[in-house]
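User: Hey, I've got a structure here that I've never looked at before. Could you walk me through it?
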Amino acid sequence: MEETSREAVATAVQRVAGMLQRSDQLDKVEQYRRREARKKASVEARLKAAIQSQLDGVRTGLTQLHSALLDVKDIQGSLADVSKDWRQSINTIENLKDVKDAVVQHSQLASAVENLKNIFSVPEIVADTQQLIEQGELLQAHRKLMELECSRDDLMYEQYRMDSKNTSDMSLISIYFEDVQGLSDELAKQLWMILQRSMLTVRRDPTMLVSSVRIIEREEKIDRRMVDRKKQTGFIPPGRPKRWKDKMFQVLEGTVGTRIEGTQSVTKEADKMWLVRLLEITRKYVLDDLIVVKNLMVQCFPQHYNTFFGLYHNAVSSRVKELASEDLEANEIVSLLTWVLNTYKSVEMMGHPELFSEYDINQLEPLLPQDVVDDLLSKYVKTFTSNITGWLRKALETDKKDWQKETEPEADQDGYYQTTLPAIVFQMFEQNLQVAAQIDIDFKEQVLKLCLKQMNTFLIRYREEAVTYKEEHMRDRQMPQCYVQYMIAIINNCQTFNMLAYKKWLTGSHAVDTICVTVEDYFNDFNKIKKPFNQEMTGEALRRVVVEYIKAVMQKRITFKNADERREGAERMIKEADQFKFLFRKLAAGEDTDRLCGAIAAIAEVFKLTDPTLLFLEVTTLVSKYPDIREEHIQALLAVRGDASREMRQMIIGTLSENKVSYSGVTQPIFKDITVPTMTMTTMTSMATAKLLK
């Protein structure tokens, strides 16, 4: 306390010293004293209030403790009385065991009385139920079956509650109700039979199918109830759970599998086209069944049972896996993969419009795993390589035999010698490419590369055989008799091989698209060049593109075979001319854009003409628009067209020569810079023949 007092005095002295630092503050001493007195009085009042509050709390706590003490004493006395009463009642509780047993027995007897009518009428109900099953009244039969099972199960449950270890009484109940299990099995048999014939049943009498599904749903609910009761009591009736729903799906799966296997009546030994026929029958059967499922079957089942499409998909998948494991030939592999990868999901089968709303076709798993598909493709490529090597060898051997003939070789429409070898070889390639395209475009490209590789090997062999043919003739110039003619045919065949190998453009090349994208990309790098130079550069680029395009046409990289090819080629040229026009207009190529691109379209019109007798007029129009076009250009265009006879070509060229138009003074020429092979077939043949005869 003394230390506290000293600290208080020191603090007070410090505060007073702070208040009286200047002389003018002495006048306010009385004012400071009153203020401090007020503060002191306020602090003392708060202290008194706090102490009074603490005292009141202590007083209240003591009162509550005293009351609690009294309550504890009362409880202690009550517990003593309870303990005394409990000790006195032990004997009484033991005497109530008989009452408890009586209550359980009463409950069992009450249940027995309740089911007494059913118990005595079990044989009658069994007979009625059997009759209803035989009559096809399955819903009523199931209702009576449930009554019998309920009576049996309740009695067994009460017996289980009374004495779960009493197996003799439980067996007695089972023996009495033994016919009930037979009824259940018989009813199930009828249900499975209906489900197995569901595709027929749903057409003739869908109510039978609906009744079967309702019975299975009832049994599912009873199964769930019995399983829940087992968790609580440990008791479950005999034969439960029946799991009829699982069995239903097994039956449906087996039914679908049987439907798929039932279509497989065609055998490999009986028909070379067995696989094609088999797959077509499968497609038809599956499609017909699924349309029935969609229109009729689905309505007979709850929505969450909608698994028929999955069942059919799995059944078909299993079947094609079996087919894939067989020793298939090359054409059979193509047939199977085409069906699996294309036909199956097409509108002819799973993608049919009537099935569109039932499932997402893209969610279907692949019918064949990718590794199986790859194995089949690899096997096909291996077989195809072996086959095409043999085909080419046989074709060459056949052609070599013709070289020894004493009659001249055949001639084409222009009178040039030729043999059928190029047509046979390319027809062989084309057929195989068409077959490969049935699978997918990537596989077609793979086969195309293989064909080109085989073609390269074949041409080397062809050249070697031609050299051998020449050497044999040099040893005996009298043999073979038609050596010169067949050597000319060989030379002409080489030209035919070249012509037949550049049809890529007509069948879908993307070269022009690539050119346009590339040009536009480069011009984006030069878009900061000022207009005069930019325009000149763009115009020159357009001229270069058009000249190279026409040069490719003039070099006869393709010859049209018929009117359809000419029409397709002309339409493609017009389209590509429009692509060039659109691009270079955007790049501001200048006034020559229409004229330069129009040259391509004008050539296309020469090809597009359907009536050869009007060729002169069309060519005249072309020459009038582009007077720098030369005779060799016209010859090249007519050769590409493919249907102009020699007489017509001579007439057109002769007439144009007589009326030659000078292009001096006109806009910058286009064809002036386009060179084409000027060597005619006759000149080439004579030169080659002379060389071979040396």
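This is a predicted model: local features need pLDDT of at least 70, side-chain atom pairs count only at pLDDT 80 or more; totals for chains, interfaces and linings use all residues.

User: Okay, which residues have the most contacts inside the largest nonpolar core?
Analyst: Those are Trp192, Leu195, Phe301, Leu336, Trp339 and Met350, in a core of 110 residues.

User: And which helix gives the largest share of this core?
Analyst: Helix H15, residues 370-403, with eleven residues.

User: What is methionine 350 in contact with, leaving aside its neighbours within four places in sequence?
Analyst: Its partners are Val286, Leu290, Tyr344, Lys345, Leu355, Tyr359, Ile361 and Leu364.

User: Switching to helix H23, which of its residues are buried?
Analyst: H23 covers residues 615-625, and the buried ones are Leu615, Val619, Leu622 and Val623.

User: Why do they line one face of the helix?
Analyst: Looking down the axis of H23, the buried residues fall within an arc of 95 degrees, so they line one face. In general, an α-helix has 3.6 residues a turn, so residues three or four places apart point the same way.

User: What's exposed on the other side of H23?
Analyst: Leu617, Ser624 and Lys625 are.

User: Now the surface: which residues make the nonpolar patch of about 310 Å²?
Analyst: Val16, Leu20, Leu26 and Val29 make it. Valine 29 sits in helix H2, residues 29-95.

User: Why does valine 29 count as partly exposed?
Analyst: Because its relative accessibility is 37%, and partly exposed is the range between under 20% for buried and over 50% for exposed.

Technical notes: Residues are numbered from 1 along each chain as its sequence is written. Side-chain values use heavy atoms; hydrogens and water are left out. Patches are made of residues with over 30% relative accessible area and no salt bridge: like charges are joined within 9 Å, nonpolar side chains (Val, Leu, Ile, Met, Phe, Trp, Tyr) within 5 Å. Accessible areas come from the Shrake-Rupley method with a 1.4 Å probe; for residues, only the protein chains shown count as cover. A salt bridge is a side-chain nitrogen of Lys or Arg within 4 Å of a carboxyl oxygen of Asp or Glu. Helices (H or I, at least four residues) and strands (E, at least two) are DSSP runs, numbered from the N terminus. Buried means under 20% relative accessible area, exposed over 50%, partly exposed in between (1.4 Å probe, protein chains only). A nonpolar core is a set of buried Ala, Val, Leu, Ile, Met, Phe, Trp, Tyr and Cys residues joined through side-chain atoms within 4.5 Å. Contact means heavy atoms within 4.5 Å. The arc is that of the directions from the helix axis to the C-beta atoms.
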